[in-house]
Amino acid sequence: MKRYKNLFDSVCSFENLHAAAKKALKGKRGKRPGSSFFAEMEEEIIALQEELLSGTYRHGRYHYFQIHEPKKRTVAAAEFRDRVVHHAIIRVIEPLFERRFIEDSFACRTGKGTHAGMRRAAEFSRRFPFVLKCDIRKYFENIDHEILMALLSEVIGDRQLLGLLQNILGSHADGERMIVPENGLPLFDSRIARRGLPIGNLTSQFSANVYLNPLDHFVKHELHCKGYVRYMDDFLLFGDDKERLRGWGQAVWKKVNSLRLEIHPDKYRLIRCERGVDFCGFVMFGNGRIRVRRATARRFHKRFKRNLQAVNDRTGNVDSLSRSVVAWVGHVKHAQSWNLRKAVLCG
C-alpha cells in the first residue's frame, strides 16, 4: 500500500486553510464564534498557519453538552479555529483514503448518506432471504487510539501530519483500558491504551470510517459476502443460507474483537428479510416495500408539535419550523409513507 509523504505543507497552505475556513463557516456566520473569525478571517488564518508551521499549535478545549435524540449522547464542540484545522486536514487526506474504502460503506462520504445506504439495503433485501444485523457497542467511546494511528500511518507517511492528528486525538480521551498481551502477565506485561473520539468532530467521523475499513475488507474479500452494507457502526450481512450467516457472524465477532471493540449482543440478530430490515431510519421488506421507522416518525411528530407551540407562543422561528417540515417531507418521500407527510401537514 502506497504511503503519502509531504502532506503537511498542503494542509498548512493559505489556500487550503482559507477553503477550510469557508467550509467551516457554512451555516455558522450568524453565530458568535463564526462571525468573529469571519470578521478578521485573513489575520486568523495567517496566525493559525504560523502556529501549525512552527509546531506551536495545540488543540483547544471542548464544550461538552448532551443531546437526547435519537438517544442520549455527549457531544463535544471544538473551538472554531480548531474546526478550521479539522477541515483543512480532511480536505487533504480524505481523497487518499476514499479510494481504499469499499463501495458499500455509506456514512459521512460524498455521494453517500442515509438514503443511498437505505436503497442499497433495500436492494439486498429483495435479493436475499436472510440478513444478519450487527451494531458496535458504544463505538465512538471505544475506538482505540493506538489502532487508529496505526491505520492512519498505513497511508500517511508524513510525521508532522501524524503528529498533528495525534495532537487532535490527545485533546479528548473518553477513557483508558488495560491491555494485556495474549499469554502475558497482568502485572508485568500490561499497558494502558487510550480510547474514545469526540462526537461532533469532522476528524472523528472520518476516523471512524477508517477504523472499520479493515472489517469491510474482511467481510467482502475474506468471507466473500456479496450482500454487505455499513453505515458507521451499524452493518448488515445478507445471504441465502442461515448456517453460513451464523458462521460469518462468528468470524465477524472475532474480527471486531481484534479491533478492541464489541458487538452489541442485544442488536445482533439473524432474521428473514420478509419480516423487515431496520437500517438508516427505514424498514425494508423482501417484497420491495419500504417504510419509515416508527420511532423516527414519533420523534419528528413530537418535535414538530413542540416547535409549532413555540411559534404560536411567539418564542419560536417560523422559518426554522418550515425548514424542518421540508426536510421531513424530503426524507419520507424515499418510502411508501405519504400518510406520514399528510399527518404532519394536516396537524
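**View 1. Glu146 and its partner Arg260.** At 42% relative accessibility, Glu146 counts as partly exposed (between 20% and 50% relative accessible area, with buried under 20% and exposed over 50%; 1.4 Å probe, protein chains only). Its side chain meets that of Arg260 in a salt bridge, 3.0 Å from N to O (a side-chain nitrogen of Lys or Arg within 4 Å of a carboxyl oxygen of Asp or Glu). Arg260 sits in the loop between α12 and β8 and Glu146 in helix α8, 114 residues apart (helices are DSSP runs of H or I with at least four residues, strands are E runs with at least two, numbered from the N terminus). This is a predicted model, where local features need pLDDT of at least 70, side-chain atom pairs count only at pLDDT 80 or more, and totals for chains, interfaces and linings use all residues. Residues are numbered from 1 along each chain as its sequence is written, and side-chain values use heavy atoms, leaving out hydrogens and water.

**View 2. Arg260 again, now with Asp144.** Here the closest N and O atoms of the salt bridge are 3.1 Å apart. Asp144 lies in the loop between α7 (139–142) and α8 (145–153), so the pair ties together parts 116 residues apart in sequence. Asp144 is buried, at 0% relative accessible area. Arg260 also has a positive phi of about 60°, although it is not a glycine.

**View 3. Arg230 meets Asp216.** Their salt bridge has its closest N and O atoms 2.8 Å apart. Arg230 belongs to strand β6 (residues 227–231) and Asp216 to helix α11 (residues 202–222). Arg230 is buried at 0%, and Asp216 counts as buried at 0% too.
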